[in-house]
Amino acid sequence: MARTLIKNGTVISPTGLSPADVLIDGETIAALGAHGFFDAAEQGADTVIDAAGKYVIPGGIDVHTHMELPFGGTFASDTFETGSRAAAWGGVTTIVDMAVQRTGESVQEGLADWHRKADGECAIDYAFHQIIGGVDDESLKAMRYLTEHEGVTSFKLFMAYPGVFYSDDGQILRAMQTAAECGAMIMMHAENGIAIDVLIAQALARGETDPRYHAATRPSPLEAEATHRAIVLSHVAGNVPLYIVHMSAGDALEEVAAARHDGRNVFAETCPQYLWLTLEETLQRPGFEGAKWVCSTPLRSPHDHRNHQADLWRGLRTNELAVVSTDHCPFCMKDQKELGLGDFSKIPNGIGGVEHRMELLYQGVATGQLTLERWVETCCTTPARMFGMYPKKGVIAPGADADVVIWDPDRQTTIGIDAKHHMQMDYSAYEGFVVDGKVDTVLSRGTVLIADDAYVGRKGHGRFVERGLSQYLV
Ligand SMILES: [Zn+2]
């Protein structure tokens, strides 16, 4: 079995920084020691990596991706092969993707379909959440089965997209009751989709067809209202663990904060796009260009009734927001976003970003908005604990999988098409961004995937991770 020694680095965990050498035996972290404690020859290390001046962190975990998602008459443009490879480039060693069941389809077949798409294709390890798009007796039974037998312990419901993924309050309550019984987590897309559809129809009738109206028809109170309603339903269902996905609004965050103050198992994630991009700089660009940034929940303005971005950064610091994911759901402009030319409501919803989460959040460290510890906690450790993968994932400790990223704080990363990003997209939501810090080396279960600015991994290295129940409950 190959043995690797990572020397002279600074290991970062949610509780602090320590100068430590990391010894890897095969796929697993064997031991940590003070700098110089291990002798490479004595330990039989065939690979020695010098991490002097660099950070050594657990591999990133992105718990919200949509590879090959069918949406709006097309498919998200990254396959598991291309998307997981782009993730590796960005220091991500595990993704949790959203398997899909739509109304009238079988949950088990939806999950089997996702296994078929991912099996043998991934550069990094992967797990699944299950989207329940049609709550009925069959799908409720399936939720229990997946939790107990398939290592799929979290279920995503939608309060938006009537006629596609939408569940009404009664369906949501039933799914929550089932999850409460078997210990599973409910993930919620919290937007009032019924009201949003009225606003969309009214906007289109007024001839407001440009991408900018995507945001105007999804105002933040409809995110806050849905978040509140989901929290109330989760309480009625017996304090079932509830995780609000892709939070973009300060008023929605207040609902989560209040529930947490009451001691409820209510959590939320946000995504880099909500922390760094503004409505004015994106969706409101002239013509159709704004389509690049059509995603739901929408990007918001700092000049809205409150500064959502500032609220989100503060929420990240105070743990009102526990996790940063990407909601990676890329669509090309050509032939995909273009489906919504002349009608913004037909633009496929999604932004690609799986490659850039670690560096975009490190930029929060560089600008003083986040600590190094909190960066690792929100991007690596809490995702593992939240979704039942700890301590195999999310920590640099003996016995953990040797998913390790060596991070160079002295280099910079340029993001975009011009910088030849690795996602299968014909544009970048972050074109031209130059941020501090760069991925230096990435190891997945002891195997080097990225080194010397080159990808040396292979498709099929990644394995399916069977997850347990959440380890993050109050
Ligand atoms: Zn999503």
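Q: Why is isoleucine 49 called buried?
A: Buried means a relative accessible area under 20%, exposed means over 50%, and partly exposed lies in between (1.4 Å probe, protein chains only). Isoleucine 49 has a relative accessible area of 13%, and therefore counts as buried. The model is predicted, so local features need pLDDT of at least 70 and side-chain atom pairs count only at pLDDT 80 or more, while totals for chains, interfaces and linings use all residues. Residues are numbered from 1 along each chain as its sequence is written, and side-chain values use heavy atoms, with hydrogens and water left out.

Q: What makes the position of isoleucine 49 a place in a strand?
A: Strands are DSSP runs of E with at least two residues, helices are runs of H or I with at least four, and both are numbered from the N terminus. Isoleucine 49 falls within strand 4, which covers residues 47–50.

Q: Which residues is isoleucine 49 in contact with, leaving aside its neighbours within four places in sequence?
A: Contact means heavy atoms within 4.5 Å. On that basis isoleucine 49 is in contact with Thr4, Leu5, Ile6, Lys7, Ile406, Thr441 and Leu443. By contrast, its C-alpha atom is separated by 41 Å from that of glutamate 281, 232 residues apart along the chain.

Q: How do you know that isoleucine 406 counts as buried?
A: Its relative accessibility is 0%, and therefore isoleucine 406 counts as buried. This residue is found in strand 16. Among the residues that isoleucine 406 touches are Ile6, Ile49, Ala51 and Tyr55. Isoleucine 406 and glycine 91 are 315 residues apart in sequence, yet their C-alpha atoms are 8.5 Å apart in space.

Q: Which residues are the protein donors of the zinc ion?
A: Donors are N, O and S atoms within 2.8 Å of the metal (3.2 Å for Na, K and Ca), and sites may look incomplete because water is not among the atoms. His64 (NE2), His66 (NE2), Lys156 (NZ) and Asp327 (OD) lie 2.0 to 2.7 Å from the zinc ion and are its protein donors. Their spacing in sequence is H-x1-H-x89-K-x170-D.

Q: Why is the site of the zinc ion called irregular?
A: Four donors count as tetrahedral if all angles lie between 85 and 135 degrees; four count as square planar and six as octahedral if opposite donors are over 155 degrees apart and all others between 65 and 115; anything else is irregular. The angles among the four donor atoms of the zinc ion are 80 to 167 degrees, and the site is irregular.

Q: What makes histidine 64 and aspartate 327 a pair that ties together parts 263 residues apart in sequence?
A: Histidine 64 lies in strand 6 (residues 60–65), whereas aspartate 327 lies in the loop between strand 15 (323–324) and helix 11 (357–366), so the pair joins parts that are 263 residues apart in sequence. Both histidine 64 and aspartate 327 are buried.

Q: What makes asparagine 8 partly exposed, and where is its place?
A: Asparagine 8 has a relative accessible area of 27%, and so counts as partly exposed. Its place is in strand 1 (residues 3–13). Asparagine 8 has a positive phi of about 70 degrees, although it is not a glycine.

Q: How do you know that asparagine 319 is buried?
A: The relative accessible area of asparagine 319 is 18%, and therefore this residue is buried. Asparagine 319 is placed in the loop between helix 10 and strand 15. Its phi is positive, at about 70 degrees, although it is not a glycine.

Q: What makes threonine 381 buried?
A: Threonine 381 has a relative accessible area of 6%, and so it is buried. Its place is in helix 12 (residues 372–386). Among the residues that threonine 381 touches are Pro14, Pro58 and Tyr390. Tyrosine 390 is joined to proline 391 by a cis peptide bond, with omega about 0 degrees.
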